[in-house]
Amino acid sequence: MKPLSLLIEILIILGVIIKRCRLKYLDCLWWKVTSLKIISEGIILYHNADIEAEKHNKKQKERNVTTQVSVNEVKRLLSHILERRKLIKVIYQRENALGKKKIQRKLRIRGIQNKDLSKRNKNHLRKQAKKNFTDEGDQLFKMGIKILQQSKSQKQKAEAYVFFAKAANMGNLKAMEKMADALLFGNFGMQNITAAIQLYESLAKEGSYKAQNALGFLSSYGIGMEYNQAKALIYYTFGSAGGSMMSQMILGYRYLSGINVLQNCEVALNHYKKVADYIADKLEKSESIPVEKVRLTDRPENLSSNSEILDWDIYQYYKFLAERGDVQIQVSLGQLHLIGRKGLDQDYYKALYYFLKAAKAGSANAMAFIGKMYLEGNAAAPQNNATAFKYFSMAASKGNAIGLHGLGLLYFYGKGVPVNYAEALKYFQKAAEKGWPNAQFQLGFMYYSGSGVWKDYKLAFKYFYLASQSGQPLAIYYLAEMYATGTGVLRSCRTAVELYKGVCELGHWAEKFLTAYFAYKDGDIDSSLVQYALLAEMGYEVAQSNSAFILESKKVKILEKEKMYPMALLLWNRAAIQGNAFARVKIGDYHYYGYGTKKDYQTAATHYSIAADKYHSAQAMFNLAYMYEHGLGIAKPGGKDDTGSTVHQRGHCLPEPRWPTVSEGHSLGQEIV
């Protein structure tokens, strides 16, 4: 049979089949998908056969020999299509047989049984169609995830979202979540809040905790939705119940600070502990997430000079020095690439390259880091206990604390050597004496758990505290555990919550600090704001001040202008409560000028006083002096205050104030050009 005639026959058969389709939506959907696949395969068959025929004719002319078209390929495709046709035929025969039996059987019981059987059969067909559809969507989603994990450039990451889009189109919920997030946060410049909300609402009905968390966030800010804190709280509650770590963290912060709920330390503790347990488990597996928290208020004119992010030109200069043999720079670049810091991508090969160069020059730190890489294992340095022991020993022989700590770990966990707690304790103590925080933590853990030593909570607390002063995250976690349970210390809910909060802020969601910063730097203000605002909702003080700073810039398009200053004031207030002196001065400015609230000189003076007395802010002191001089909210010098006493205060008469730029603290009376 010729390929074209075969294709025509297929189309005729499919036409008959589709006409006979009288099933419900899912069944018809399955038939349509099946039909389209059969048609496409028929077209492929025809196209392939046509190509093969052309090749055949060409070869005949050139070689003057007789050959045949690739019959095997045609047969394979044909048999595949025929199998589909047989399957369809069998299904319809089964349905017809069941229909006839139902008519023939007159007994009520058998009629009911037949009805149930028919119903079960239809359910089976629906489930099968849905399964086929779901399986294909799952495969596309997995392909997208694989590309995303392996990609380094933005272009490669964008390709992953092509697969997510296809998978989402097939109803894959995880892919839909990815696409909704991309639309919300503006990944690859495709921000569309309205479309994101539609997807989230659809996902929320399916029970997606990520969607519920996102809808809660949007409701709390009034971005694309009605500003409704009560609704936001409901979404967060459902999100946390479904397993959202972000919702847990948001609720923890709300109960800690009393935001739209009654302040309750114990409830906050419960929420934060769940997230901290999750983070601690990741940290124990060496899956820590480096976090660069750039303050937009620090260097607004020249963000590229921010010390938190390594400028490209400076990086090139460091590479030049490293190639010239600067050992210290080699070790530093190795560390940056090992964990992906300062805006650099994690690159194990580059890390190992720089460490090996430095180790060859005699750097004990480099030797220790090579040992660490082989101990943990990665693409560049596959896990090898013997190699790790070798490099740790080389570093330890030079008295290096990291090398001593590494040997302690090998003996503690029995990696490549027999478990020996006494040896581990000896090496940990030597490294701890040199001030290495990881060794201090390990000592604390040994005394806390009684591993090779008698349990001693006082010693455990001592070493955990020492390590926590250097920011060792697991030490902070165990200190929180001790304060939460009153183990070895007097129980303190507030202290435990603050410590847990610090651990929670090391979660993978903190990666948004970098993407938000780069979005801001590239001029994508809305994308930057949404990312910072979500982190602000989770209780990050830096994100709160950054969000407020962006709102003041008047460049935001996703919020109405009348909402910007009140929202900025709210965020400055939350940042001030967490100890940001600049934010405290800002609150004073808002009440002084009447932005986002009514003019209130007394409240402004109160906030300036807090900033001056608690943080010794020079700006706040100047502003208070100006208010004293002009009697703004405070009695004028020489006049009477509320107690009837004469006020004596020197100051300088300044011009009438105008709204200042958002890039600096504000001197009252300063004229802004």
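## Terms and model

Contact here means that heavy atoms lie within 4.5 Å. Residues are numbered from 1 along each chain as its sequence is written. This is a predicted model, in which local features need pLDDT of at least 70, side-chain atom pairs count only at pLDDT 80 or more, and totals for chains, interfaces and linings use all residues; side-chain values use heavy atoms, with hydrogens and water left out.

## The chain as a whole

The chain has 29 helices and zero strands. Helices (H or I, at least four residues) and strands (E, at least two) are DSSP runs, numbered from the N terminus. Of the 673 residues of the chain, 45% count as buried. Buried means under 20% relative accessible area, exposed means over 50%, and partly exposed is in between (1.4 Å probe, protein chains only).

Among contacts in the chain with a separation of 6 or more, 52% are between residues 24 or more positions apart. The chain exposes about 35300 Å², and carbon and sulfur atoms supply 53% of that area. Accessible areas come from the Shrake-Rupley method with a 1.4 Å probe; for residues, only the protein chains shown count as cover.

## The disulfide

The structure holds one disulfide, a term used for a pair of cysteine sulfur atoms within 2.5 Å. Cys-265 and Cys-493 form it, with their sulfur atoms 2.1 Å apart. Cys-265 lies in helix 11 (residues 265-284) and Cys-493 in helix 22 (residues 493-504), so the pair ties together parts that are 228 residues apart in sequence. The torsion about the S-S bond of Cys-265 and Cys-493 is about -110 degrees, so the disulfide is left-handed.

Cys-265 counts as partly exposed because its relative accessibility is 25%. Cys-493, at 10%, counts as buried. Another cysteine, Cys-504, has 0% relative accessibility and therefore counts as buried.

## The largest cavity

A search of the whole structure finds two cavities of 30 Å³ or more. For this search, on a 1 Å grid over the protein atoms alone, a cavity is a set of points where a 1.4 Å probe fits but cannot get out, and lining residues have an atom within 4 Å of a point. Grid points are joined across faces, edges and corners, and a volume is the space filled by probe spheres set on the points. About 40 Å³ of space lies in the largest cavity.

The lining of the largest cavity is made up of Ser-220, Tyr-221, Gln-229, Arg-254, Glu-537, Met-567, Leu-570, Leu-571 and Arg-574. Helix 8 (209-221) and helix 26 (561-577) each supply at least two residues of this lining, and helix 26 gives the most, with four. By class, the lining has four nonpolar, two polar and three charged residues. In this count Ala, Val, Leu, Ile, Met, Phe, Trp, Tyr, Cys and Pro are nonpolar, Asp, Glu, Lys and Arg are charged, and the others, Gly among them, are polar.

Arg-574, one of the residues that line the largest cavity, sits in helix 26. Arg-574 is buried because its relative accessible area is 8%. Leaving aside residues up to four places away in sequence, Arg-574 touches Tyr-253, Ile-259, Glu-537 and Gln-544.

Tyr-235 is found in helix 9 (residues 229-242) and is buried, with a relative accessible area of 19%. Its partners, not counting residues up to four places away in sequence, are Gln-212, Leu-215, Gly-216 and Ser-219. The C-alpha atoms of Tyr-235 and Asn-213 are separated by 6.1 Å, although the two residues are 22 residues apart along the chain. Gln-330, in helix 13 (residues 327-339), is buried at a relative accessible area of 3%. With residues up to four places away in sequence not counted, Gln-330 touches Ala-322, Gly-325, Tyr-354, Lys-357 and Ala-358.

## Positive phi in two loops

Most residues other than glycine have a negative phi. Asn-260 has a positive phi of about 60 degrees although it is not a glycine. Asn-260 is placed in the loop between helix 10 (245-257) and helix 11, and is partly exposed, with a relative accessible area of 47%.

His-616 has a phi near 55 degrees, also a positive value in a residue other than glycine. The loop that holds His-616 runs between helix 28 (601-615) and helix 29 (618-630). His-616 is exposed because its relative accessible area is 59%.

Notes
On a 1 Å grid over the protein atoms alone, a cavity is a set of points where a 1.4 Å probe fits but cannot get out, and a pocket is an open set with protein on both sides within 12 Å along at least five of seven lines; lining residues have an atom within 4 Å of a point.
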